[in-house]
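Please work through each task before reading its solution.

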Amino acid sequence: MMHPADLPETVSVFPLPRALLLPRSRLPLHIFEPRYLQMLDDALKTKERLIAMVQPNPSVNDEDKLHRIGCAGRVTQFSETEDGRYLITLTGISRFRVMSELDSFTPYRRCAVSWDGFDRDLGKAEKDNGFDRNAFLTLLERFFSSRQLSTDWDSLKDAEDELLVNSLSMLLDFDPEDKQALLEAPCLRTRRETLVTLIEFALRGGSNEEKLQ
């Protein structure tokens, strides 16, 4: 487990739409662009081995603009393919707030960041005391059926609250702004409530009809 004092003031940034990383969760990535191959090589030379995931911000009239909040992950697994690409896994450490983007000699982007306000991310897994798991799984089954998706329902039923909610938040195919809302949720309960709202909205086909029961 990392401590606040271990977190750097600057991070290397991987801006990738729809790619959501959450604290204590794992995100597999396929690295092949030369600038990000160098970013990975540089990260592996540091003791923290951190790479920051930040979504581009389409609401700003600037294609290079980033959202203010992202999440940094530690490279915990990596393998190299025969043609020089990397398959890596990032394990989420903590969210952060982008303070400024730095002029950098590296081909990839770097930002000065603040970790203030995200102490919860460095602690133990969160619990959701108001979680009605049966109702949630019933809703999820309808969603999966509507999308013709399959899953291991026994594993979902046995998963801890945080693992279940965070994994679904990362895996389900929501719009980038919806992904950002899930990232910025202040606690697990809020993230679960946001996730339920997004699933219900998708089941309505994106309409504004009455909430499904």
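**Exercise 1.** State which residues F136 contacts, leaving aside its neighbours within four places in sequence.

*Solution.* Contact means heavy atoms within 4.5 Å. On this criterion, F136 touches F131, L164, L168, L195 and V196. The model is predicted: local features need pLDDT of at least 70 and side-chain atom pairs pLDDT 80 or more, whereas totals for chains, interfaces and linings use all residues. Residues are numbered from 1 along each chain as its sequence is written, and side-chain values use heavy atoms, without hydrogens and water.

**Exercise 2.** Describe how helix α5 packs against helix α6.

*Solution.* Helices are DSSP runs (H or I, at least four residues), numbered from the N terminus. First, take the axes, which are lines fitted to C-alpha atoms over the stretch in contact, with angles from 0 to 180 degrees between N-to-C directions. The axes of α5 (residues 176–184) and α6 (residues 188–203) come within 8 Å and cross at roughly 160°. Therefore α5 is roughly antiparallel to α6, a term for angles over 145 degrees. Next, identify the residues: D178, A181, L182 and L183 of α5 meet R191, T194, L195 and L198 of α6. Finally, classify them: five are nonpolar, one is polar and two are charged. Here Ala, Val, Leu, Ile, Met, Phe, Trp, Tyr, Cys and Pro count as nonpolar, Asp, Glu, Lys and Arg as charged, and the others as polar.

**Exercise 3.** Is R24 buried, partly exposed or exposed?

*Solution.* Buried means under 20% relative accessible area and exposed over 50%, with partly exposed in between (1.4 Å probe, protein chains only). The relative accessible area of R24 is 27%, so R24 is partly exposed. R24 also has a positive phi, near 65°, although this residue is not a glycine.

Methods: Helix = DSSP H or I, 4+ residues; strand = E, 2+ residues; numbered from the N terminus. Parallel < 35°, antiparallel > 145°, perpendicular 65-115°, else oblique.
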